[in-house]
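Dear colleague,

Please find below the structure that I am handing over to you. My notes on it follow directly after.

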Amino acid sequence: MPLYCPKCSATNEDFAQYCASCGDDLSNAKDTKEKAEPIENIEPEIESEEKAKKKLYRSRDEKYFSGVSAGLAKYFDMDLDTVRILWVVFLIASGGTALLIYLILMMAVPLEPLPGEEPETK
């Protein structure tokens, strides 16, 4: 069973006396066989919680036609003008399929809730 350094959470061999990363004494870790949570594993959990809260809405403020492009720009953290240009390029390249996709998104994506208003759940 590997030993985890209580100071830096590095993984060490079970026979190690000192941590290979920080040089800390592992005698306490040998006695208790505690497994410290590595620091790298803590951040993705926080990041995944933030992504779970992130939801796609049509924008109320920055809309030109229906707010789909502004909502997509906010959701993907992109520049609004870039998203609009991509829609135009996609419209020309797809021969009109992009217009159908835009109309479907316009009907399917809910409007951004007002401050203090509960978001719609379907």
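Which residue lies over the face of Y75? K54 does, at 5.3 Å from the ring centre; a charge sits over a ring if NZ of Lys or CZ of Arg is within 6 Å of the ring centre and within 35 degrees of the ring normal.

Please note that this is a predicted model, in which local features need pLDDT of at least 70 and side-chain atom pairs count only at pLDDT 80 or more, while totals for chains, interfaces and linings use all residues. Residues are numbered from 1 along each chain as its sequence is written, and side-chain values use heavy atoms, with hydrogens and water left out.

Aromatic pairs

Searching the whole structure gives four aromatic pairs. Rings of Phe, Tyr and Trp (its six-membered ring) pair if their centres lie within 6.5 Å; planes under 30 degrees apart count as stacked, over 60 as edge-to-face and the rest as tilted. One of the pairs is F65 with Y102, which is tilted, at 6.2 Å centre to centre and 40° between the planes. This pair links distant parts of the chain, 37 residues apart: F65 is in the loop between helix 2 (42–53) and helix 3 (68–75), and Y102 is in helix 5 (residues 97–108). Helices are DSSP runs (H or I, at least four residues), numbered from the N terminus.

F65 counts as exposed, at 58% relative accessibility, whereas Y102, at 13%, counts as buried. Here buried means under 20% relative accessible area, exposed over 50%, and partly exposed in between (1.4 Å probe, protein chains only).

W87 and F90 form a tilted pair because their ring centres are 6.3 Å apart and their planes are at 50°. Both residues lie in helix 4 (residues 80–94), three residues apart, about one turn of the helix. W87 is buried at 15% relative accessibility, and F90 is partly exposed at 35%. Ring pairs link F65, W87, F90 and Y102 into a cluster.

Around S69

S69 lies in helix 3 and is buried, at 8% relative accessibility. Apart from neighbours within four places in sequence, S69 is in contact (heavy atoms within 4.5 Å) with L80, V83, R84, W87 and Y102.

Helix 3 and helix 4

V68, S69, A70, L72 and A73 in helix 3 meet L80, V83, R84 and W87 in helix 4.

Yours sincerely

Key: Helix = DSSP H or I, 4+ residues; strand = E, 2+ residues; numbered from the N terminus.
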